[in-house]
Every structure is written in structure tokens, then in C-alpha cells.
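Biologist: I am new to this structure and would like a close look at a single part. Please take the salt bridges and their surroundings, and explain each term as you go.

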Amino acid sequence: VKRISKGEAYVPTNDDILRSRVQTTEVTSMTFKIKKTDVDMYDVGGQRSFRHKWMHHFNNVTAVIFVAGISEYNQNLVEDSGMNRQDESIQLFRKQLESPHFKNIPIILFLNKKDLFREKLAKYAFKIVSGPEARNVTYEGPECITDKDPPYSTLGDDEEFEACYDGACTYLQEIYCDQQRDLDVARTAEIYCHLTNSTSSENIRFIMTSCTDILLKHALSVNGFYRD
């Protein structure tokens, strides 16, 4: 607060920029240079009212980055108060997998906000088997006791909590990746899944470097220069 209150003298740091948020209401583009490679990225709004704008930007894409906020497992949509955000995200992900535009395009799945997910997992039930808030009913891993006293430590030093966190993360990765089964469109490209924290510059640097490697691998494969 002291830094921000300096007025014109305030200069945002990289971490300040990473933690800022502006809702995407239109298609925006930006060029990144990663490992001496220029990467053009198009950001599209994920809300239902913005999705009709996507199709005009899908021709000739090299890869799709799909970002899912895993910390939203206990929240509902603003547009539809009866729809769980996680369920909506999984359904939308499957629709993209079924799109003929993407059958030969690798999809990079970011399961984002893992830091917030850790905090919420200790307080809000990941699995509810019945009722209007039912969610993750097929999950069979360890579960947190949400009213535990003393509460869990989420700093990485609580084995019981870490087991719950690892189990929930594995379940979410499997749920998303399993969406490629029994599709109407036969996909030939891979899905690459990463747990991410978008407010960590080191984490994002590593992930974007990985994305560049994926794009290069795909380009070589398409042109017959690479095989697994």
C-alpha cells in the first residue's frame, strides 16, 4: 500500500503486474520472445457471452492453451448460479477437444491457481456426494477435515494435508485428460497438462519455456522431422 500510494512515483514491479487482473472482454493479441523465438498469443474471454468471438481466430493456430482455475471447485457461474464453475470448465474443455479445428493441434492445459486451491482445500470440502452443492462425487482419494482443530498447515510441512492436495490434483488432471475418450472427432495431437500458479514469475517462466519446446516438437513432427 505504501508503494502504491506514492502516486506518479510508483512503478509496478513484475510481481505487481502478475497479480493484477483485468477481465478479458475481447480478443487481444501479444507477441512474446521465448528462447529467441517469437510466439504470437491470442487471449479470448472465457465467459459464455464472449465465446462466439473465438471461431474467427482459430485458423492456422499452432497450439491452444486452455486455462482452468482449479480453485473454483466450490463456486458457481455468474451467468448461471446453478452451474458449478469446475463442471462448466470441464464441459467446455471437452467441446474444444471435439472441435474439428483442433483435432491436429496440441492442447496445453493449465490447471491454474494451485496456490489458492491449496488454501481453499483446507477449508471447503472438495467432495460432496449429494444435494445442490454436489461435486467431485467420483473422487476416492484422501479428503481434508474442513473443521479440523488445529487447522492444517498448507506450507508443505503437513503430510496429511499434502496427501489430500496431491490426491485432488491427480484427480483433476485425470478428469480433464479423460475428456479425450469417446470423442466424435479423432484427435491426433497430444494434451500437455501443467499445474500452474500464474502469480509466480518463476513458475510461468518454466511453463512458457515448456510451451515453446512443445510448439517446436509439434512443428518438427508435422513436417516429418520428429517422431516419438
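Modeller: Glu-72 counts as buried because its relative accessibility is 18%; buried means under 20% relative accessible area, exposed means over 50%, and partly exposed lies in between (1.4 Å probe, protein chains only). The model is a predicted one, in which local features need pLDDT of at least 70 and side-chain atom pairs count only at pLDDT 80 or more, while totals for chains, interfaces and linings use all residues. Residues are numbered from 1 along each chain as its sequence is written, and side-chain values use heavy atoms, with hydrogens and water left out.

The partner of Glu-72 is Arg-85, and the closest N and O atoms of this salt bridge are 3.6 Å apart. A salt bridge here is a side-chain nitrogen of Lys or Arg within 4 Å of a carboxyl oxygen of Asp or Glu. This pair links distant parts of the chain, 13 residues apart: Glu-72 is in the loop between β3 and α2, and Arg-85 is in helix α2 (residues 85-98). Helices (H or I, at least four residues) and strands (E, at least two) are DSSP runs, numbered from the N terminus. Arg-85 has 22% relative accessibility and so counts as partly exposed. Lys-113 joins Glu-72 and Arg-85 in a network of salt bridges.

Across the whole structure, a search finds five salt bridges. Another one joins Glu-98 and Arg-94, at 3.6 Å from N to O. Both residues lie in helix α2, four residues apart, about one turn of the helix. Glu-98 is partly exposed, with a relative accessible area of 25%, and Arg-94 is also partly exposed, at 21% relative accessibility.

Glu-162 and Arg-118 form a salt bridge at 2.4 Å, N to O. Here too distant parts of the chain are linked: Glu-162 is in helix α4 and Arg-118 in helix α3 (residues 114-121), 44 residues apart. Glu-162 counts as buried at 17% relative accessibility, and Arg-118 is buried with a relative accessible area of 16%.

Helix α4 (residues 159-177) lies across β3, β4 and β5, and runs at about 155° to β5. Axes are lines fitted to C-alpha atoms, for helices over the stretch in contact (heavy atoms within 4.5 Å), and angles run from 0 to 180 degrees between N-to-C directions. These three strands form an open sheet in the order β3-β4-β5, with parallel pairing; two strands pair if DSSP finds at least two bridges between them.
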